[in-house]
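Colleague: I would like to learn how the features of a model such as this one are to be read. May we go through them in turn?

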Amino acid sequence: MHGTPRLTPELLLRAYAEGLFPMAERRDDPDLFWVSPEKRGVIPLNRFHVPRRLARTVRSDRFEVRLDSAFAVVMTACGGTRPETWINAEILRLYGALHASGYAHSVECWRDGKLAGGLYGVSLGGAFFGESMFSRERDASKVALVHLAAQLIRGGFVLLDTQFLTGHLAQFGAVEISRAAYLARLNEALNRPGYWPAPSGSSTDFSVSDASGETGLTGLTGPMATVSPGARALQLITQAS
């Protein structure tokens, strides 16, 4: 994008809809470049796998899980935990603007009032594009990913894009598909609505526990309404399989 007009959030969303995403060479490089991998990483939500030990951690509710309560902090932490990162100032600006307009979201794990880990990404229609994650405590980002999957399942999303396949993501069921197959899935997802709960001002309303006036996982009633957040997330994932 060197020498081109400054990228806008609107153009960024159009790029996502065409299967592209931006990266920087390094933190201090002001320029971005477009990426469209020949092999794309995705996690099929109907085959999301939670390793047994991690399931125990999720069920224990060791972390308080919130949505969108500290988006900018999560983004900064994702870039700040690596010596070299593709998250530069332009990425921070663009995704901050997407968050302000309701298209970019964070899932955060808190413990004792401190941010222990989390992730962020972009939602568009029934697609969620995972961008980056970080951990300051063991399993924090993994717990955030499990809660993300549960939120996406409950919200009617059909595509969880991880960009690339890594060994870390493979344990959750991530696979590689061709660019053509990805674009077909993306087109289907963009034509389906996905629900992400709107922030309501209270930290408990961001969590995956019941909120006053709305619920973090959108309208759960009956037996599931009394289940703990971690157990509820695992139930949603199991029911989708």
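Colleague: At roughly what angle do the axes of α1 and helix α4 cross?

Modeller: Helices (H or I, at least four residues) and strands (E, at least two) are DSSP runs, numbered from the N terminus. Axes are lines fitted to C-alpha atoms, for helices over the stretch in contact, and angles run from 0 to 180 degrees between N-to-C directions. Here the axes of α1 and α4 (residues 89-100) cross at roughly 85° and come within 9 Å. The two helices are therefore roughly perpendicular to each other, a term for angles of 65 to 115 degrees. On the α1 side, P9, L12, L13 and Y16 make the contact, and on the α4 side L94, Y95, A97 and L98, where contact means heavy atoms within 4.5 Å. These residues comprise 8 nonpolar, no polar and no charged; Ala, Val, Leu, Ile, Met, Phe, Trp, Tyr, Cys and Pro count as nonpolar, Asp, Glu, Lys and Arg as charged, and the others, Gly among them, as polar.

Colleague: How far may the coordinates be trusted?

Modeller: This is a predicted model, in which local features need pLDDT of at least 70 and side-chain atom pairs count only at pLDDT 80 or more, while totals for chains, interfaces and linings use all residues. Residues are numbered from 1 along each chain as its sequence is written, and side-chain values use heavy atoms, with hydrogens and water left out. pLDDT is the predictor's confidence in each residue, from 0 to 100. The protein chain has a mean pLDDT of 88, with 85% of its residues at 70 or more. Over residues 200-221 pLDDT stays under 50. Where pLDDT is low, the predicted coordinates should not be read in detail.

Colleague: In what order do the 7 strands form the open sheet?

Modeller: Strands of a sheet pair through backbone hydrogen bonds, either parallel or antiparallel. Two strands pair if DSSP finds at least two bridges between them. The order is β4-β5-β6-β7-β8-β3-β9, with mixed pairing. β4 (64-67) and β9 (175-178) stand at the edges with a single partner strand each, so one side of each lacks a neighbour in the sheet. Strands β7 (residues 127-135) and β8 (residues 159-163) pair in the parallel sense over 3 bridges. Helix α5 (residues 140-154) lies across β4, β5, β6, β7 and β8, at about 35° to β6.

Colleague: Which residue forms a salt bridge with R6?

Modeller: Side chains of opposite charge can pair when their charged atoms come close. A salt bridge is a side-chain nitrogen of Lys or Arg within 4 Å of a carboxyl oxygen of Asp or Glu. R6 forms one with E90, their closest N and O atoms being 3.7 Å apart. R6 lies in the segment before α1 and E90 in helix α4, so the pair ties together parts that are 84 residues apart in sequence.

Notes
Parallel < 35°, antiparallel > 145°, perpendicular 65-115°, else oblique.
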